[in-house]
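Here are some questions and answers on a protein model. Keep the structure open as you read.

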Amino acid sequence: LRLVRIFSGIQPTGRKHLGNYIGAIQHYVAGQDAGESIYCVVDLHATTVPYDPRELRERLYDTAAILIAAGLDPERCILFRQSDVQEHSELSWLLSSVTAWGDLNRMHQFKEKSAAQRDLVSASLFTYPVLMAADVLAYRATTVPVGDDQRQHVELMRDIAERFNARYGEILVVPDGQFPEVGARIMDLQDPARKMSTTGGSVEGTVYVLDEPKAIEKKLKRAVTDSGTEIRAGADKPGVTNLLDILAAARGTTVAEAQASMADARGYGDLKAATAEAVIALLDPVRTRYEELRTDEDRLEAVLAAGADKARAIAADTLADVRRVMGV
Ligand code: ADP
């Protein structure tokens, strides 16, 4: 019997959107019933691209409040800020010695993000996946719930753990990625060829977790659809497929069930209205709770500090083993 220990991180950048919610946050909440759960707001990752230090702090509280509003219970999971646990940075350096430069050079996300930079492409943007590996491996996590865009990074952290263990002995746990069956890759409503994202996506095509119901309705009403009138998922219908995916994920059903539920619809307008309704039902309670939680920064700070104490105890234990076998 292998105990389930779940770890995942989320960046305190931009405004968290429906893709983050459906692809990741929902599954963090469910993880609390599946095993020991550890969730981290990864502020060190946010420093890899230009940012405003004061805004980072605000976004950190925003993100923590969204996670709690979504259903993370600090009594049932560990919720903390990455930079509070220095072991992540030290482990990242040590693990970079068992990371192949050629592997980092193949990371799609680095290629995309570096191409989007106007001046400096930082070395930390390049080594970001090693820090992400350290985040997970420090807790000997078995399970990493993330969206589809993180597949390559999860593969890399597995390679790093395996190479480390082969060289130094079985110290690290090789984690499995956990990708959602529905909603692993929510696309931009204005351009279903690109994923919904804080960077790069369009504001009109991105539903934010904290959007008011009216804004959600408007964005879905204007979502780009496809030619024809038939409501079905398929490669030739990227816009409709994305809406069905969102509808299914928001209702907690399969895509086939979502499609069947639209059998009597008169056209895409009905699909958009049903999807808006489901998304509002999903996000509205979160926004309401968020507004209460966000006003009390002292309380958020206390939750994160308590989480960091628990996290540090686990990470320090792993790091002691790593240092011992590495002879440093
Ligand atoms: P972003 O990718 O928006 O900058 P993060 O890096 O903090 O945000 O991602 C947090 C989680 O949300 C990750 O697990 C990521 O895979 C997931 N995620 C991001 N965008 C999407 C999307 N469009 N669809 C599904 N999941 C997504």
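Q: Leaving aside neighbours within four places in sequence, which residues is threonine 99 in contact with?
A: This is a predicted model: local features need pLDDT of at least 70, side-chain atom pairs count only at pLDDT 80 or more, and totals for chains, interfaces and linings use all residues. Residues are numbered from 1 along each chain as its sequence is written. Two residues are in contact if their C-beta atoms, placed from the backbone, lie within 7 Å. With neighbours within four places set aside, the contacts of threonine 99 are Leu104, Val130 and Ile160.

Q: Where is threonine 99 found?
A: Helices (H or I, at least four residues) and strands (E, at least two) are DSSP runs, numbered from the N terminus. Helix 3 covers 87-96 and helix 4 covers 101-104. Threonine 99 lies in the loop between helix 3 and helix 4.

Q: Is threonine 99 buried or exposed?
A: A residue is buried if 20 or more other C-beta atoms lie within 10 Å of its own, exposed if 12 or fewer, and partly exposed in between; C-beta atoms are placed from the backbone. Threonine 99 has 20 C-beta neighbours inside 10 Å, so it counts as buried.

Q: How many Å apart in space are threonine 99 and valine 130, C-alpha to C-alpha?
A: In sequence, threonine 99 and valine 130 are 31 residues apart. Valine 130 is also one of the contacts of threonine 99. In space, C-alpha to C-alpha, threonine 99 and valine 130 are 7.5 Å apart.

Q: Which residues does aspartate 43 touch, not counting residues up to four places away in sequence?
A: Aspartate 43 sits in the loop between strand 2 (36-41) and helix 2. It counts as buried because it has 21 C-beta neighbours inside 10 Å. Not counting residues up to four places away in sequence, aspartate 43 touches Pro12, Leu56, Leu60, Arg81, Gln82 and Ser83.

Q: Is arginine 140 buried or exposed?
A: Arginine 140 is in the loop between helix 6 (123-137) and strand 4 (143-145). Its phi is positive, about 50°, although arginine 140 is not a glycine. Within 10 Å there are 20 other C-beta atoms, so arginine 140 is buried.

Q: Which residues is leucine 271 in contact with, leaving aside neighbours within four places in sequence?
A: Leucine 271 belongs to helix 11 (residues 268-294). It has 24 other C-beta atoms within 10 Å, so it is buried. Leaving aside neighbours within four places in sequence, leucine 271 is in contact with Ile231, Val240, Leu243, Met262 and Ala265.

Q: What does arginine 232 count as, by its C-beta neighbours?
A: Arginine 232 is in the loop between helix 8 (213-221) and helix 9 (238-251). Not counting residues up to four places away in sequence, it touches Lys237, Val240 and Gln259. Because it has 14 C-beta neighbours inside 10 Å, arginine 232 counts as partly exposed.

Q: Why is helix 2 roughly perpendicular to helix 12?
A: Axes are lines fitted to C-alpha atoms, for helices over the stretch in contact, and angles run from 0 to 180 degrees between N-to-C directions. Angles under 35 degrees count as roughly parallel, over 145 as roughly antiparallel, 65 to 115 as roughly perpendicular and the rest as oblique. Helix 2 (residues 53-70) and helix 12 (residues 297-326) have axes 10 Å apart and pack at an angle of about 75°. That angle makes the pair roughly perpendicular.

Q: Which residues of helix 2 and helix 12 make the contact?
A: Ala, Val, Leu, Ile, Met, Phe, Trp, Tyr, Cys and Pro count as nonpolar, Asp, Glu, Lys and Arg as charged, and the others, Gly among them, as polar. The contact of helix 2 with helix 12 has five nonpolar, no polar and one charged. Helix 2 gives Tyr61, Ala64 and Ala65, and helix 12 gives Glu297, Leu300 and Leu304.

Q: Which residues around the ligand come nearest?
A: A residue is near a molecule or strand if its C-beta atom, placed from the backbone, lies within 6 Å of it. The shell around the ligand divides into six nonpolar, nine polar and three charged. Helix 1 (residues 18-34) supplies the largest share, four residues. Of the 18 residues around the ligand, the nearest are Gln11, Gly19, Gly23, Val146 and Gly147.
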